[in-house]
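These are my notebook entries on a structure that I looked up. I began with the backbone and then turned to one strand.

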Amino acid sequence: MSVEIEKGLISANLPHIFYGGDYNPDQWPEEIWQEDVKLMREAGVNLVSVAIFSWSRLEPRPGEYDFEWLDRVLDLLHENNIKVDLATATASPPPWLAKLYPESLPVTSEGTKLWPGSRQQFCPSSPAYREKAQMLVRQIAQRYKNHPALVMWHINNEYGCHVASCYCDISAQSFRLWLKNRFGTIEALNEAWGTSFWSQRYGEWDEINPPRSAPTFRNPTQQLDFKRFSSDELLSCFEMERDILRQETPNIPITTNFMNFFKPMDYWKWAKQQDVISNDAYPDPSDPSSYLETAMAYDLMRSLGNGKPWVLMEQTTSRVNWRGQNALKKPGQMRMWSYQAVARGANGVMFFQWRASKAGSEKFHGALVPHVGTENSYIWREVSQLGRELGQLDALLDAQVKPEVAILFDWESWWSLELETHPSSLIKQLPQTRSYYEPLLRQNIAVDFVHPDSDFSKYKIMLVPQLYLAKEDLGPRLEKFVSDGGTLVMSFFSGIANQNDHIYLGGYPGPFRKVLGLWIEDFEAFQPDQTSPIAVDEGGQAFSSGLWADFLHLEGAEVLAQFKGDYLAQRPAILRHKFGQGQSYYLATQPDAEGMSWLLEKVCREANLAPSLTTPAGVEAIVREKDGAAFLFLINHNAEIVELKLKQNYRDLLSGNGGSQIRLEPYGVAILVR
């Protein structure tokens, strides 16, 4: 089978937008299966994920495998022209594993063992878990590697969702080995961890443990390295399964589902090991701003794949089951949010799950086939409508979003930024990142996310919110970016520490001092309700600010805005530094939303960067491009009708209507082409 892995497509046998969801036939009697495939054809389903939580059914006793039921399922799907994203079933070990190998169970930092009765009850370092998982994966791969329904492998499920770290003795041994590989010698580790502080100096490797519960604050670099280790250890579980699948089926692409901005896993590292980036997204229908968070997550997924198409692997048709109050999606919201993913680069719209469960913890989670069935169900009508529409959008498959603005985002800096004993516990990575992203989204300016080691040259603007932890070589790279004509915008509390969380001495912000044209002597962390007014020197604009105030000195930068009032009066709040052919901006405080919008509008205007389209509040506009063609997505997140007047005539791929006047129903969508 020829598979276009490098393009992010699943298979030459499925050259369409993928539509379907998790299919769990083992939860239902076999007579239901025929009805399932009939309804799948009716809804336009072309891909289902199978066997994600089926380990106990596939291997009911150790070494005793039962695949006959799965054979019948895959054959039935193939007969009905429905492709399969086949899971390795390792996300939830069967109860017999814990009974025979109790050391395979995970342990919390407080020493509590987590038992079966839920899911993900495994220690990532456990030899027993790894051995049994490998055996199962090889059996599945060898049995189904030539099955005509198979177009993608789905490894495990939502790694780290419930157990991101294990603190047991087996994990401690693996952590020590990881540290040996990282540092080489115990002396190098002591230097990196600063163990002369509080008499923590280690003499032997076996003296080191994970950062378990301790009398007071734990060593910050030990905590940082354990977060690195925990992400890597789960990644090694993924790679273990991937290598087996690669050996048996080198042409079948492989994925595992991510979870937006999921803090425990360094998705930059994980993404390098995926053929297809996939993501699970569950925005809250009761939160009017949830579409902002979702757009940001979708842009991250596209960025993780370096612009390749990705797959929305899970969402719900109606409601989830795990919030305190599980709000129902309004009619039209499911379709709208599905198209938001497509607009931001997705080539797949999938759901959890196909048929709503009648038992278990997720029985109140929405599904394509609800408890009431399909007759007189508005959910089923929306599901079928969406399937029909997506089936007509093959032209979008290779179309890409091409942003000229990037937000620099680093998991390791995120981990370090939010450790305890910092000047302020109020500074959180995602809210600070959103403070940059949201004004651009409202302006319909497309954004990528980039890793600090990425190539910055294709962007006009680089935004850096709170990069607390920074390698020294990033300074010269940002200097080149700005010197070559780029624009840099950086927030306070950046460039404070190196990769071992050691402070850069001699004046903050360490490696960024030259490109910013300033150095910082000290700073004040504001109290939760403390604010300070700031005023722009030219233009007379005035804003409020919070969280922080730097006490800084100029080394070439010019002051754009100053603090007003109290002891901060006349101190610089926003600065600009012309550097080579470009310029940098520095925020010595956190401007309010109005201030951030003013600044980013100014930055984009100076960089000659225009929005896709100016739209009313709550209407999102974004473009995917392909071979000179542009597909303009308009998405109405409002509960009211919105009408737009365009400068040119367009045709809507969804409705077939054309003209320069566009009417968007509540939660309506249009895909416009000239």
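**Entry 1: backbone**

I located Pro509 in the loop between strand E13 (487-491) and helix H16 (513-516); helices (H or I, at least four residues) and strands (E, at least two) are DSSP runs, numbered from the N terminus. A cis peptide bond with omega of about 5° joins Tyr508 to Pro509. I noted that this is a predicted model, in which local features need pLDDT of at least 70, side-chain atom pairs count only at pLDDT 80 or more, and totals for chains, interfaces and linings use all residues. Residues are numbered from 1 along each chain as its sequence is written, and side-chain values use heavy atoms, with hydrogens and water left out.

I found another cis peptide bond between Phe352 and Gln353, with omega about -5°. Gln353 belongs to the loop between strand E9 (346-351) and helix H12 (378-390).

**Entry 2: strand E3**

I then examined strand E3 (residues 83-87), where five of the five residues are buried, so the strand is largely enclosed by the rest of the structure. Buried means under 20% relative accessible area, exposed over 50%, and partly exposed in between (1.4 Å probe, protein chains only). Lys83, Asp85 and Ala87 point one way from E3, while Val84 and Leu86 point the other way.

I recorded that E3 pairs in the parallel sense with strand E2 (residues 47-50) over four bridges; two strands pair if DSSP finds at least two bridges between them. Ser49 stands opposite Asp85. E3 also pairs in the parallel sense with strand E4 (residues 150-154), over four bridges, and Trp153 in E4 is the bridge partner of Leu86.
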